[in-house]
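Please have a look at it first.

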Amino acid sequence: MIVLLRSALFAAALLLVTPPYALLALATAPLPRMARYRIISGWSRCVIFLSWIILGIRWRVEGRENLPRGPAVILSKHQSAWETLAFQHIFPPQVHVLKRELLWLPFFGWGLALMSPIAIDRRRGHSALRFMAKRGKQRLAQGFWIVVFPEGTRVAPGEKRPYQIGGAWLAAASGAPVVPVAHHAGLVWPRNAFLKRPGTVTIRIGPPIDPADRDPATINRLAEKWIEEQQKALC
């Protein structure tokens with residue numbers, strides 16, 4: 001019952017906070033990319049704060065010392081909406097690689113577009129990879145980190161899907177290091193679930209993978225090996 005009441009209160013808080021923040025986000029359109037990001041990402045920080053206060057979801061970060069000084073490509077497990085929000089609090093300014101259809105959603109998609117994402121058409125195969133590499137280099141040069149969920153969708157704790165090569169391709173093409181990330185957010189904030197449970201999420205950051213003299217397949221394999229080994233320990 002307590003979990004239900006907390007989840008209902010959290011949903012009500014989101015309904016109060018999101019509409020006015022959406023209007024604020026749309027008003028940032030004339031601003032430079034980084035300024036837009038810093039304002040719009042405030043919504044994610046607010047949601048994470050509410051999840052802490054109302055839901056009792058806390059977190060700890062292991063491996064901060066592994067973060068490179070310059071922009072990098074983050075390859076991470078994807079289990080819930082929580083990490084897409086929390087990463088904006090944990091890591092430097094970032095953009096996400098995502099399917100372009102998300103940008104077509106009214107209000108949410110429009111605000112998402114102002115965050116300078118790398119939106120791709122997955123059906124275009126190698127053409128999509130080339131576009132990702134081109135746009136990714138631009139974002140890295142602008143000072144953004146790039147977040148890629150290589151499994152392509154949210155995966156329940158303890159489960160695994162094939163790792164797509166896009167993020168590793170981008171790292172190889174740009175020369176940016178890969179930062180592998182493991183976590184178990186899905187245990188407290190399950191995929192598409194109204195009920196969210198209190199608990200502490202561990203975000204584990206691995207040693208960066210240097211793309212120099214490595215092809216995308218090798219980079220992808222190294223990231224997958226580290227992430228999945230950590231997932232077994234976390235879940």
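Predicted model: local features only at pLDDT ≥ 70, side-chain atom pairs only at ≥ 80, totals over all residues.

**Buried charges and a covered strand**

Let me begin with K77, which is buried, with a relative accessible area of 1%; buried here means under 20% relative accessible area, exposed means over 50%, and partly exposed is in between, with a 1.4 Å probe and protein chains only. Residues are numbered from 1 along each chain as its sequence is written, and side-chain values use heavy atoms, with hydrogens and water left out.

Which residue does K77 pair with? Its partner is E151, in a salt bridge whose closest N and O atoms are 3.0 Å apart, a salt bridge being a side-chain nitrogen of Lys or Arg within 4 Å of a carboxyl oxygen of Asp or Glu. Because E151 lies in the loop between β5 and α6 and K77 in the loop between β2 and α3 (82-90), the pair ties together parts that are 74 residues apart in sequence; for the names, helices (H or I, at least four residues) and strands (E, at least two) are DSSP runs, numbered from the N terminus. E151 also counts as buried, at 4% relative accessibility.

The structure holds 6 salt bridges, and another one of them joins the side chains of R204 and E62 at 2.8 Å, N to O. That pair links distant parts of the chain, with R204 in strand β7 and E62 in strand β1 (residues 57-62), 142 residues apart. R204 counts as buried at 19% relative accessibility, whereas E62 is partly exposed at 28%.

How many bridges join β6 to strand β7 (residues 199-205)? There are 3, and these strands run antiparallel, while 4 bridges join β6 to strand β2 (residues 73-76), in a parallel arrangement; two strands pair if DSSP finds at least two bridges between them.
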